[in-house]
Amino acid sequence: MEFNETPWGILSGIRPSKIATKLLLSGMSEADAVKYFAEKYGTDIKKAQLAVSVAAAELPVRQSLYPDGVSIYIGIPFCPSRCLYCSFVTCGTKQAAKLIGKYCEALKKEISYTADIIKSNNNKIETVYIGGGTPTTLSAEELDDILTHMYSTFDLQYCKEFTVEAGRPDTITADKLNVLKKHGVTRISINPQSMNQSTLDIIGRAHTPEQIRSAFYLARECGFDNINMDVIAGLPGETYDMFKHTLSEVEQLSPEDTTVHVMSIKRSSRLHEYLEKYKLSSSSEVSAMVDYAYDYLTSLGKHPYYMYRQKNQLGNLENVAYSRPGFDSLYNIYIMEEIQTIISLGCGGVTKTVDRATDRIERIFNVKEPKDYIERLDEMLKRKDTLRQ
Ligand code: SF4
């Protein structure tokens, strides 16, 4: 087929499963949808099957949405160090130390302001996601302060899922996990990216595979029974066997959710700047890695339930999350399928309002830099006024 040069054929969008969902909602069977998808877009049959399976997993979630529900995203833009491939606005802790206190105060004001809008609109908060950056860069006291403030302002009685990214194992302590647990956090992420020490050193993550295992066991001891782990296929210097090793080590821990990302070369990353210094996997190697991930994780009883593509991913591939039955992350589905308004707070936050009747989506942007966010908070609050109904 002439346009079948990438596994996704002529599809350039980041949400292939959204197209597959429309096919299923139109009444097509899964088998017909796969055939139609592969023929119309020139995708590999395996990719068409993946998009349709993800869409099929997401359908029941649509049915159970609150009619007047919204979700909340809160960004904590701080990390212990910057990963080689990162393009997010994040501050290393030394630089951040001066800003964290003021940032938390500004964030609490935005939380109060937004809570008032949600209350007057009579919206129910369906899910909450605290991401970043690495939220657990904050101390246990700072986390406690923000979460206490959230409960005193937001009405969280209808919240079905509360996720906090505890991404870096080197930021996880029993005190912080206990604070999250005390405040009703239901789901956390502990992200190894790789279980190979040489790779962790290359990508600038100052932790060991052993720290990942310890953080995971600690989270279990603290009562977390819904843990996501992220890995990346195609990290600099990694071979197929190294990726297999990572997956095998991760699955020995038995997380409820494993997200397999494909290396993406982001323009504002250090990786992009010094690209010639690193050995990257070929398209066929990364493709073999994601195929292996699919076969391996599904053989363990997990299923793909959410996916997206990014610009400049090796092999033009995709990121896919695999979960055990009953552990699909609602927030991830809402954001990727664009089926619910997500109100984003903190710097870099992009609020997306979704009108389900018309499929109309509008965006409200917060500034990206923490310093600007603190200084221009009043302007960010005013921008949120457009949410008032
Ligand atoms: S943990 Fe995530 S946000 Fe932080 S530096 Fe690494 S890639 Fe960027």
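**View 1. Helices α1 and α3 of the predicted model cross in a right-handed sense.** Helix α1 covers residues 16-25 and helix α3 covers residues 45-63. Their axes come within 8 Å and cross at roughly 65°, which makes α1 roughly perpendicular to α3. On the α1 side, the contact is made by Pro16, Ser17, Ile19, Ala20, Thr21 and Leu24. On the α3 side, the contact residues are Ala51, Val52, Val54, Ala55, Ala56, Glu58 and Leu59. By type, the residues of this contact divide into 10 nonpolar, two polar and one charged.

**View 2. Helices α9 and α11 meet at a crossing of roughly 25°.** Helix α9 is made of residues 240-253, and helix α11 of residues 283-299. The two axes come within 10 Å. With angles under 35 degrees counted as roughly parallel, α9 is therefore roughly parallel to α11. The crossing is right-handed. From α9, Tyr240, Phe243, Lys244 and Leu247 take part in the contact. From α11, the residues in contact are Glu285, Ala288, Met289, Tyr292, Ala293 and Tyr296. Eight residues of the contact of α9 with α11 are nonpolar, two are charged and none is polar.

**View 3. Strand β3 pairs with strand β2.** Strand β2 spans residues 124-132, and strand β3 spans residues 161-165. The two strands run parallel and are joined by four bridges. Tyr129 has Thr163 of β3 as its bridge partner. Four of the five residues of β3 are buried, so β3 is largely enclosed by the rest of the structure.

**View 4. Strand β9 is covered on both faces.** This strand holds residues 341-345, and five of its five residues are buried. Thr341, Ile343 and Leu345 lie on one side, and Ile342 and Ser344 on the other. Strand β1, residues 69-76, pairs with β9 in the parallel sense over five bridges. In this pairing, Ile74 stands opposite Leu345 of β9.

**View 5. Helix α12 is buried along its eight residues.** Helix α12 comprises residues 330-337. Its buried residues are Leu330, Tyr331, Asn332, Ile333, Tyr334, Ile335, Met336 and Glu337. Because eight of eight residues are buried, α12 is largely enclosed by the rest of the structure. Glu338 follows α12 and has a positive phi, near 55°.

**View 6. Strands β10 and β11 form a hairpin.** Strand β10 contains residues 350-355, and it pairs with β11 in the antiparallel sense over six bridges. Strand β11 contains residues 360-365. Four residues lie between the strands of the hairpin, in which Asp359 takes a positive phi near 65°. Val350 stands opposite Phe365 in β11. Strand β11 is hardly covered, as the count of buried residues among its six residues is zero.

**View 7. Phe365 is an exposed residue of strand β11.** Phe365 has 12 C-beta neighbours inside 10 Å. A residue is exposed if it has 12 or fewer such neighbours, which is why Phe365 counts as exposed. Phe365 is 77 residues from Ala288 in sequence, and the two are 38 Å apart in space, C-alpha to C-alpha. Ala288 is one of the α11 residues in the contact with α9.

Key. Residues are numbered from 1 along each chain as its sequence is written. This is a predicted model: local features need pLDDT of at least 70, side-chain atom pairs count only at pLDDT 80 or more; totals for chains, interfaces and linings use all residues. Axes are lines fitted to C-alpha atoms, for helices over the stretch in contact, and angles run from 0 to 180 degrees between N-to-C directions. Angles under 35 degrees count as roughly parallel, over 145 as roughly antiparallel, 65 to 115 as roughly perpendicular and the rest as oblique. A crossing is left-handed if the near helix is turned anticlockwise from the far one by less than a right angle, and right-handed if clockwise. Two residues are in contact if their C-beta atoms, placed from the backbone, lie within 7 Å. Ala, Val, Leu, Ile, Met, Phe, Trp, Tyr, Cys and Pro count as nonpolar, Asp, Glu, Lys and Arg as charged, and the others, Gly among them, as polar. A residue is buried if 20 or more other C-beta atoms lie within 10 Å of its own, exposed if 12 or fewer, and partly exposed in between; C-beta atoms are placed from the backbone. Two strands pair if DSSP finds at least two bridges between them.
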